[in-house]
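Welcome, and please open your viewer.

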Amino acid sequence: MGSSGPTSVLLTILNVVQVILGFGITCVALWFFVEVYNITSLRNSNHYLLDYKLYWPQAIPWVFILAGLLVICVSGCGFVGAKKKSSGFVTLFIAFEVTAILALIAAAIVALTLADTNSTAAFMKDAIWDVYTHMRSDRSVETAFGNFEKRFQCCGAEGPRDYKNWRDEFPISCCDTYYHGFIGSYAIDCDFSNKLANERYGCAKVVINYTSIIIKVLAGAAIFTAFIGIMNLVVGVTLSRSLKRKPRQVVQMESESKKVLL
């Protein structure tokens, strides 16, 4: 069983990489879910009383969260098998690893074919427009949408011109209210002539682009993790075979043992 030593070390290293990737996928997917929820929670709830449909931007984060958690759990099983050099644990790890690889590939395919589509873009655009419309009559929503504009450096729903129909100037969230020059920082007005505000994209376009990028990043990370999983699987099978090989036992004849004693 001496040949299983390097194999178990390699299995441990690959599982460390897999845990890091699984944790990363889980964290990014969770952040994605929170960001989508922050947007949809600001919509006018009266418009969605009878809307029980679950849209892909709301569902796809959970697909990757579950896939990431599965990867972490499978890697834990791999750690135990590599540490104890237990044939049973390694066999169990192999079975779970196959499941994790299939789950990662399935998540990537679903994300790229079903989630990253025009329907997702339409959902995000409608959500932003509903929030923008709702904020005109709700001060708390206006504050929350302003914070959103600051974080994503966007202005309005479709663009800065959205504000020109009902305001005397841009909201502060559309502008960098301080100019940073050679003489220091000083306050500037956020009126309709503000160059920075007029050059910003609408929040709908920004959100659609970010949503597409995040979905592609999660899908790419899942495919890469599946590739590491395949390497892990090969090493796991090699380790399992080496553990199942029983060492050859030398059987001494009773007469030979007596000769040795004499």
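Counting bonded cysteines along the chain, the disulfides here pair up as 1-6, 2-3, 4-5; a disulfide means two cysteine sulfur atoms within 2.5 Å. This is a predicted model, where local features need pLDDT of at least 70 and side-chain atom pairs count only at pLDDT 80 or more, while totals for chains, interfaces and linings use all residues. Residues are numbered from 1 along each chain as its sequence is written, and side-chain values use heavy atoms, leaving out hydrogens and water.

Select C154 and C203: their sulfur atoms sit 2.1 Å apart in a disulfide. C154 is in the loop between α5 and β1 and C203 is in helix α7, so this pair ties together parts 49 residues apart in sequence. (Helices, H or I of at least four residues, and strands, E of at least two, are DSSP runs numbered from the N terminus.) Both cysteines are buried, that is, under 20% relative accessible area, with exposed meaning over 50% and partly exposed in between (1.4 Å probe, protein chains only).

Next, pick C155 and C174, whose sulfur atoms are 2.0 Å apart in a disulfide. Then try C175 and C190, another disulfide, at 1.8 Å.

C73 is exposed at 57% relative accessible area, whereas C77 is buried at 12%.

Finally, colour helix α5, residues 139–152. Its buried residues include V141, F145 and F152, while R139 and K150 are exposed on the other side. Just after α5, look at Q153, with a positive phi of about 50°.

Notes. Expected span 1.5 Å × (residues − 1).
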